[in-house]
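Here's a quick tour for anyone opening this structure for the first time.

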Amino acid sequence: LSKRIVEPMNKLNLDEPLENEGYDELSPLLRRIYSQQQHLKEQKNTLTQKQDELNAIVSHLEEGMILLDNSSRVITANQAALYLLDVKNSNNVVGTELLMLSRNMALQEAVQEALTGKTVTRRAELRGRILKIHAAAIGTPEKMSGVAVVLFDITQSEQAEQRRREFTANVSHELKTPLQSIIGSAELLENGLVKPEDQPRFLNRIHQEADRLVALINDILRLSQLDEGGALPHEQVSVLELAQAAARSLTAQAAAQAVHISVTGTAGTVFGVRRLLYEIARNLCENAVKYNVPGGSVTVEVAETE
């Protein structure tokens, strides 16, 4: 008798509770099972939607993003994080231990410390790049759900900071040299330690070094304009005229070293920034005069080819 009673119950299709034919007494139970199933489906759809939204947001982040459970296993990781960690095979990373993705000690230490409930920031070098690692606990120390790790690629900003320090050091050195010359000459003149016949030479030196200072400051201002992306005026420029102007500006310096400077050639017109092209021509000519031999010569020839 029990078997006859239980057999129809064992044949119930719980996937479709309302489609079963059997005991009417089971209808309330089957309706309740159906209601719970519908509620679970709605919850699953909501969770799937939120997971898809999270994946969409994380995948479009420029920063690397990794979510870990409290066992340091990957819940999700975007492509930026996999690239920064140099993960060759990006498939099936979910569920993988973080140690299998990267053995970087700074990253491992940041995650382990974050699992204690702290928010941690570390700096790491990986594959020739500089990363800032930010790890934060998810949940509370009593009930830790996992860790959120964000990887910032700060290579460019670090390099820019290094260039800024080098630039500052170079500018300080370049400004100090003419200033020391000006101060030294002025002190000698002020204290009456210069013979009257030598005073014009010292005054000329002060004038030259002051011009050098102005040129350095102008260079710094031009560098600032270029760094900010400021547009510079372009025009048709005669390279021959620039070379002739550069040679004229170096006449006194060349004569002091007994160096003869001459310019020959054709116009050689180019489209560019006149000021910058002039600086190129002058720098080339000035180096040729400065590093020449006494009694030597500098010949500037401008020619236009294909």
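Let's start with a pair of charged side chains: Arg73 and Glu97 form a salt bridge, with their closest N and O atoms 3.4 Å apart. That pair ties together distant parts of the chain, since Arg73 sits in the loop between S1 and S2 while Glu97 sits in the loop between H3 and H4, 24 residues apart. Keep in mind that this is a predicted model.

**Salt bridges**

- Arg73 counts as partly exposed because its relative accessibility is 35%, and Glu97 gets that label at 34%.
- The count of salt bridges comes to 12.
- Asp153 and Arg129 also meet through their side chains, at 2.6 Å from N to O.
- Here too distant parts of the chain are linked: Asp153 belongs to strand S5 and Arg129 to strand S4, 24 residues apart.
- Asp153 is partly exposed, with a relative accessible area of 34%, and Arg129 is partly exposed at 27%.
- Glu125 pairs with Arg123, and their closest N and O atoms are 3.7 Å apart.
- Exposed means over 50%, so Glu125, at 58% relative accessibility, counts as exposed, whereas Arg123 is partly exposed at 44%.

**Nonpolar cores**

- The largest nonpolar core holds 26 residues, and Ile66, Leu68, Leu85, Leu107, Ile133, Val149 and Leu151 have the most contacts inside it.
- Among the elements that give this core two or more residues are strand S1 (64-69), helix H3 (79-84), helix H5 (105-114) and strand S5 (144-153).
- H5 gives the largest share, five residues.
- What does Leu107 touch, leaving aside residues up to four places away in sequence? Its contacts are Leu85, Leu98, Ser102, Ile133, Val149 and Leu151.
- There's also a second, separate core of 14 residues, which includes Leu250, Val259, Ile261 and Val289.

**Helix H10**

- Helix H10 (residues 274-290) has 17 residues and should span 24 Å at 1.5 Å a residue; its end C-alpha atoms are 24 Å apart, so the two agree.
- Which residues of H10 are buried? They are Ala281, Cys285, Glu286 and Val289.

Note on methods
Residues numbered from 1 in each chain as written. Predicted model: local features only at pLDDT ≥ 70, side-chain atom pairs only at ≥ 80, totals over all residues. Heavy atoms only, no water. Helix = DSSP H or I, 4+ residues; strand = E, 2+ residues; numbered from the N terminus. Expected span 1.5 Å × (residues − 1). Buried < 20%, exposed > 50% of the residue type's maximum accessible area, 1.4 Å probe, protein only. Core = buried A, V, L, I, M, F, W, Y, C linked by side-chain atoms within 4.5 Å. Contact = heavy atoms within 4.5 Å. Salt bridge = Lys/Arg side-chain N within 4 Å of Asp/Glu carboxyl O.
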